[in-house]
Amino acid sequence: MADRIYYPNAELARTAYCNSVEQYKQMHEKSIKHPEEFWGEIAKQFYWETTSSNDKFFSYNFNRNDGDIFIKWMEGASTNISFNLLDKNVKCGNGDKIAFYWEGNDIEDYSRLTYRKLLEETCKFANVLKSKGVQKGDRVAIYMPMILELPIAMLACTRIGAVHSVIFAGYSSDSLAERVLDSKAKVLLTADGVWRGPKFLNLKSICDQAMAKVKSHDHKVESCIVVSHLRRVTSPPGSTSDGEKTKNINNGTTNGRSNEMNLSWDDDRDCWWHEEMEDAEASCYPVWVAAEDPLFILYTSGSTGKPKGVLHTTAGYLIYAATTFKYVFDYKPNDIYWCTADIGWITGHTYVVYGPLANAATSVLFEGTPFYPQNDRYWSVIEKYKVSQFYTAPTAIRSLMKFGDDLIKKYNLRSLKVLGSVGEPINSEAWLWFYNLIGQGKCSIADTFWQTETGGHVITPLPGATPMKPGSATFPFFGVLPELLDEDGKIIEGEGEGYLVFRQPWPGMMRSLYGNHERFETAYFDKFNGFYCTGDGARRDADGYFWVTGRIDDMLNVSGHLMSTAEVESVLAEHTAVAEAAVVSKPHPIKGQCLYCFITTNEGKNFDKQLQDELKKKIRERIGPFAQPDVVQHAPGLPKTRSGKIMRRILRKIAIGDRNVGDTSTLADESVVDLLFQLRPNA
Ligand code: WTA
């Protein structure tokens, strides 16, 4: 049966920036054939201290035989991102426009920040960073909750040409330390703590542990600047900017819970954000940086287990973030946009901070969770701010579906125009629920496929133009040229399924892995010479629609968080009782995938409930709570080839209880398969 097609709402299409398939095709063709012209025109919206000449606008090499892989956009141009996102918007009359509505974990906690105030706070904090010795090119690690100080900190880095490295504040101290060490960050920014739903996280103490670990590896974090978030001694940024009532974040308690906590403090290193800001100057001349100067590092999982510091640079990222935001969400000046992603992930970088601000947008910045204080928090926030674009993840959608439709019907969601999905393939059931219940059958759904590495959306519908098929990310964005390759690297034409690769760079794509260009080349360009390899598989249907099917490497995607099996296995193997560990993914109704671990114990060690609990705890502590395995199974032996390679394909079958394991003749010991089936929990 042919897939049902959903057409964009006619009302939306009437005013959309791109409003027909023909227009999309024309624009896409131009972006591929004449990238200099296409992106050069877009670049004119921004301020450039110096410009790039046409012959230097775009150059690259994707072929390993022709020397180093490189990607350059707008060589010769120089600019400053914070200037374009803030000063320029204020100058254009958007000074009093709200940049962010901040919605706290507790319903009573909210605030707002205008573009003028955001500029002022950014400049002040840029001066604070300078006073700590931060200079152009220095790395600043940021481990913060979803509070207004987080975008301020990022923009302050861009103000002075420093490179930010945001580390998701759900990572453990080990993961934080590893990332701080890899980037040799000079300064670490954090908050005292945060409530996420009913759970408390002591961020400063996690930072203390991380900084101690970093020190034992001969690197010193010179300063740690701490936002007093739990006990605001000053008003949050924004609360004094515009006469309207805003509530202070809290007065020492959150929901009646006392936030008294023991903060350890190193006077030589630690300081409070608000104290440093008190006397900081409210203006700071921007440092003009070159188009290809680094903007930020963001770590993502690599299949070896060691995280990869994806490096994005300035000019190309700016124009790509701005353009994808504009076209994919069809953002119009009075719209209220909300992306629920944490800024600690790429979605938060590009579509909470850079893309929206580059379009002078008004966004919601949400600290909490969908389930707190009730399971209707998302819908209440949409109603409260009259959100017009709502961008979230399939895992969130699936977890909210189960609470029934009555929770949703209480709310007025008619302000919505465009819905977005990101992080993993969206199953058609979740797509239809999102479309019918949340979008009430009149919103387009942008199922955006992209990666930390791609910087912005690369395969996505445009809401006023693209007829949608539930579960398909549809067609490439401007500048993007996808191909499907078979195992031998041969291009698959027309209908088919294969490795998803890209033939040429678009402006927002990564430039390197921080400090390790060689790993960048081998990780992404070795498999198929001449192409950037995504690591995902995809299918193209008869109408040319792309359907991304998921990772084809040893990576798993739990609730939209990418992890490598190697990363988890190495943590498990550290336990004294563990001889060997093998981890595979298992489909999960809400998380998309979950972790299923096979454990071979050391001689004389028991596999019992206590060990299972200890291993789960270890993963939580070493990687983060989001990585906790769902199943830890005893495996007296693992299915290995004669050369010792673990056959994960078989383990995946065992995990789902599918006896149809296929060919086992290459196994050193075939009997192990039966044994593992018998030992399955609940088997
Ligand atoms: C997966 C997140 C299918 C994919 C922006 C990719 C998706 C990985 C989609 C990147 C989608 C993301 N459909 N799969 N719409 N979006 N993915 O780096 O496997 O955290 O390679 O970036 O998520 O995850 P990352």
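Which helix does D406 lie in? D406 lies in α14, a helix that runs over residues 406–409. Keep in mind for this view and the rest that we're looking at a predicted model.

**View 1. D406 and its distance to D376.**
D406 belongs to helix α14. Its relative accessibility is 60%, so D406 counts as exposed. The view also takes in D376, which is 30 residues away from D406 in sequence. In space, the two C-alpha atoms are 9.9 Å apart.

**View 2. An open sheet of seven strands.**
Reading across the sheet, the order is β5-β4-β19-β18-β20-β21-β22. The sheet is open, and its pairing is mixed. Which strands sit at the edges? They are β5 (110–114) and β22 (444–448), and each of them pairs on one side only. Going from strand to neighbouring strand, the average turn is 20°, with direction ignored. Take the β21 end of things here: β21 (residues 418–422) pairs with β22 in the parallel sense, over five bridges. To find your way along that pair, look for V422, which stands opposite T448 in β22.

**View 3. Around the ligand.**
There are 17 residues around the ligand, and D447, T448, T452, D536 and R551 come nearest. At E424, a polar backbone atom lies 3.4 Å from a ligand nitrogen. At F449 it's again the backbone that is involved, with an N or O atom 3.5 Å from a nitrogen atom of the ligand.

**View 4. T324 inside helix α10.**
T324 lies in α10, the helix of residues 315–329. Is T324 buried or exposed? Its relative accessible area is 0%, so T324 is buried. A polar atom of the T324 side chain sits 2.7 Å from the backbone oxygen of Y320. Leaving out residues up to four places away in sequence, T324 touches F329, Y351, H457 and F477.

Most residues other than glycine have a negative phi, and most peptide bonds are trans. The spots in this view depart from that pattern.
- Y372 and P373 are joined by a cis peptide bond, with omega at about -5°. P373 is in the loop that runs between β19 (362–366) and α12 (377–385).
- K386 isn't a glycine, yet its phi is positive, near 55°. You'll find K386 in the loop between α12 and β20 (389–392). With a relative accessibility of 58%, K386 counts as exposed.
- T474 has a positive phi too, near 70°, and isn't a glycine either. Look for T474 in the loop between β22 and β23 (482–485). Here the relative accessible area is 0%, so T474 is buried.

**View 5. Strand β16 and its two pairings.**
How many of the residues of β16 are buried? Six of the seven are, which leaves the strand (residues 294–300) mostly covered. With β7 (residues 163–166), β16 runs parallel, and two bridges join the two strands. One landmark in this pairing is F296 of β16, the bridge partner of H164. With β17 (residues 308–313), β16 runs antiparallel, and six bridges join them. A handy landmark for that pairing is P294, which stands opposite T313 in β17.

**View 6. The buried side of helix α20.**
Helix α20 covers residues 671–678, and V672, V673, L676 and F677 in it are buried. Why do these residues end up on the same side of α20? Because they cover an arc of only 140° around the axis. What do the buried residues of α20 pack against? Their partners are strand β32 (631–634) and helix α19 (648–656).

How values were computed: Residues numbered from 1 in each chain as written. Predicted model: local features only at pLDDT ≥ 70, side-chain atom pairs only at ≥ 80, totals over all residues. Heavy atoms only, no water. Pairing = 2+ DSSP bridges. Helix = DSSP H or I, 4+ residues; strand = E, 2+ residues; numbered from the N terminus. Axes fitted to C-alpha atoms, helices over the stretch in contact; angles between N-to-C directions. Buried < 20%, exposed > 50% of the residue type's maximum accessible area, 1.4 Å probe, protein only. Arc of directions from axis to C-beta. Contact = heavy atoms within 4.5 Å. Near = heavy atom within 4 Å. Polar contact = N/O pair within 3.5 Å; in protein donor to acceptor, adjacent residues only side chain to side chain.
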